[in-house]
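Notebook open, one chain on the screen. I want to go through the sheet, then the cores, then the overall dimensions.

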Amino acid sequence: MGRDLAEAFAPAREVFQEVDDALGQHLSKLMFEGPIEDLTRTENTQPALMAVSLAVLRVLEREGGVNLRTEVALVAGHSLGEYSALAAVGSFGLTQTARLLRLRGQAMQKAVPVGRGGMAALIGVDLEQARAICEEAAVVKEEGQPDRREIIEIANDNGGGQVVVAGEMPAIERAIAIAKARKVKRALALPVSAPFHCSMMEPAAQAMREALAHEEIRTPVIPVVANVTAAKVTDPATIRDLLVRQVTGTVRWRESVEAMVAMGVDSFTEIGAGKVLSGLVRRINGDVATRSVGTPADVEAFLAAR
């Protein structure tokens, strides 16, 4: 992850070094060489993904003259990507963002014992269908005992018929079985270590509340569309509150994209590793243009087309 960018561009190397220095760890070595088991620990994955996004952006700014303030209407990020978006528009510094994401990853992992919670993707459902599945899966029926409830909630409304649920493992397993019984196109457990974006993450939300209370958050140079409201925000105090709420709240990605389109956005550029968000945007609205910029070849093509 990110090695080709570091080899090709000095600004990318600067970003990776700054993140390493911020964390007191050779995260870039782990990103470039593995082992994958360590890189996929959420305390490493979160700052690593942010570092790649900011590395690409810094290359575009330094070598291509890209100026977000004058060329971009809005920014948004999915889950941890919201921190990347905030760093891109100046609300956080790079060092600050790396440290916050390291803390966020650690707090999320500690919030729930491994194995107690999980997540599942439901493919071929809309939000209301997913909610109905969660409502049924939450109920535990035991002979001779009153019904009781377990936690299962909507974690990500990704759009295009993809909804991710999170909660206690037995409830997740019931949801998968219920979805299959209802002939949902696909229902599968996700290989994650914790049930992100649900109420089980409240200890992590408290940790972020305490951490963010002491952080300077600057007014972004352009508005950010927040995960939990699917609305644009520029006020630092509101950003602080929304980042805390985001830990336990649903990532409203479908609504965020729809809101941006309603505000006049007709072109989306995904900055960073992979092309997942571009694919989601296309499934939400097939009329908009999308582009992914994450590799040296992507960077060169993007700058050549300017």
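I started with strand 5 and strand 6, which run antiparallel and are joined by 6 bridges. For the record, I number helices (H or I, at least four residues) and strands (E, at least two) as DSSP runs from the N terminus, and I call two strands paired if DSSP finds at least two bridges between them. This is a predicted model, where local features need pLDDT of at least 70 and side-chain atom pairs count only at pLDDT 80 or more, while totals for chains, interfaces and linings use all residues. Residues are numbered from 1 along each chain as its sequence is written, and side-chain values use heavy atoms, with hydrogens and water left out.

Back to the pair. Ile-152 stands opposite Gly-167 in strand 6. The two strands form a hairpin with 2 residues between them, and Gly-160 in the turn has a positive phi of about 65°.

Strand 2 was my next stop. Strand 2 (residues 117-123) pairs with strand 7 over 4 antiparallel bridges, and Ala-121 has Leu-188 as its bridge partner in strand 7. Contact means heavy atoms within 4.5 Å. Strand 2 and strand 6 are joined by 7 bridges and run antiparallel, with Gly-117 partnered by Glu-168 in strand 6.

How many residues of strand 6 are buried? I get 6 of the 7, so strand 6 is largely enclosed by the rest of the structure. Buried means under 20% relative accessible area, exposed over 50%, partly exposed in between (1.4 Å probe, protein chains only).

Then the cores, each a set of buried Ala, Val, Leu, Ile, Met, Phe, Trp, Tyr and Cys residues joined through side-chain atoms within 4.5 Å. The largest has 70 residues, and those touching the most other members include Phe-16, Tyr-83 and Phe-92. Helix 5 (residues 42-64) gives the most to this core, with 10 residues. Apart from it lies another core of 21 residues, among them Ala-120, Leu-127, Ala-137 and Val-165.

Is Ala-48 buried or exposed? At 0% relative accessibility, Ala-48 counts as buried. Not counting residues up to four places away in sequence, Ala-48 touches Met-1, Leu-27, Met-31 and Leu-39.

Last, the whole chain. The protein chain has 15 helices and 11 strands, and 51% of its 306 residues count as buried. Its C-alpha trace spans about 70 × 45 × 40 Å along the principal axes.
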